[in-house]
Amino acid sequence: MRPRNPFGSGPVKPVQEAPEELEAEALYEEEAFEDKGDTASEDEDLDLAGMGSLTGISIRRKTASGAAKPAVQPQVRVPRPEDSAPRTIVDFWSRLRKGRRWPQRADIDAKQVGLYWPNSVLMRVGENGLPWQFEPLMSDVMRGGGQSFHTGEIEFGNSLVMEWILTLGRRTQQSARPQEDADMFPLAAGDVRYRAMTVPLGDDDDSITHVLCHVLKV
């Protein structure tokens, strides 16, 4: 027999028991991570359309163990020696000036010149009407033979080539500035085009004592 409502209304409905607590799978639709041991998380770079590249922004993804792999630090590039080397013999000359009109003969590193600019020659300016002379860049280079920086690419023994170099050297002394010239020469292998760069050297800012010349085949 149903109990009566003391207030005169309809019969009192029996109180229903509370539903059982839902399981975690019913509350969250997210898939559970599979157990992959202690595998560390990997960083990913995002690239979303319309938002530009987000390369370099690391996203950490956790594994089942909860561990996170730290973002990879960018590698620092170490400059190589050739990155800071002067491009031409004129750049090399400019660095050696150090506020002066021109460098001194003693400032020239013969090994460095031979490394970066083979086929270079040094001319001594003739004083008081004396003829110009070619000097070795190193003391162990002997006239008429011995080790030198000449690679055989330039025919320094040709009289036309040597007169052309001397003319460019005199022009450098008169202008007191670096010079550049190119010319064609009829040689044994045929017509060959050479280009030369010259820079002045001096013990003081009043007079030029030497001219350094670099010749290359073009």
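A nonpolar core is a set of buried Ala, Val, Leu, Ile, Met, Phe, Trp, Tyr and Cys residues joined through side-chain atoms within 4.5 Å. Keep that in mind as you work through these exercises on a predicted model.

**Exercise 1. Find the largest nonpolar core and the elements that build it.**

Step 1. Start with its size: this core has 37 residues.

Step 2. Look for the residues with the most contacts inside the core, which are Ile165, Tyr194, Leu212 and Val215.

Step 3. Now see which elements give two or more residues to the core. The helices are α2 (89–97), α3 (110–116) and α4 (159–175). The strands are β3 (120–124), β5 (179–187), β6 (190–201) and β7 (210–217).

**Exercise 2. Describe the overall make-up of the protein.**

Step 1. Count the elements: there are 4 helices and 7 strands.

Step 2. Follow them along the sequence, and the pattern reads α-β-β-α-α-β-β-α-β-β-β.

Step 3. Turn to burial: 27% of the 218 residues count as buried.

**Exercise 3. Work out how β3 is placed and which strands pair with it.**

Step 1. Check burial: 4 of the 5 residues of β3 are buried, so the strand is largely enclosed by the rest of the structure.

Step 2. Take the pairing with β7, which is antiparallel and has 5 bridges. Within this pair, Ser120 lies opposite His214 of β7.

Step 3. Move to β4 (residues 133–135), which runs antiparallel to β3 and is joined to it by 3 bridges. Here Leu122 has Glu135 of β4 as its bridge partner.

**Exercise 4. Two residues, Lys98 and Asn119, have a positive phi although neither is a glycine. Is each one buried or exposed?**

Step 1. Locate Lys98 in the loop between α2 and α3. Its phi is about 55°.

Step 2. Compare its relative accessible area with the cut-off: exposed means over 50%. Lys98 has 71%, so Lys98 is exposed.

Step 3. Locate Asn119 in the loop between α3 and β3. Its phi is near 65°.

Step 4. Apply the other cut-off: buried means under 20%. Asn119 has a relative accessible area of 2%, so Asn119 is buried.

Conventions
Residues are numbered from 1 along each chain as its sequence is written. This is a predicted model: local features need pLDDT of at least 70, side-chain atom pairs count only at pLDDT 80 or more; totals for chains, interfaces and linings use all residues. Side-chain values use heavy atoms; hydrogens and water are left out. Buried means under 20% relative accessible area, exposed over 50%, partly exposed in between (1.4 Å probe, protein chains only). Two strands pair if DSSP finds at least two bridges between them.
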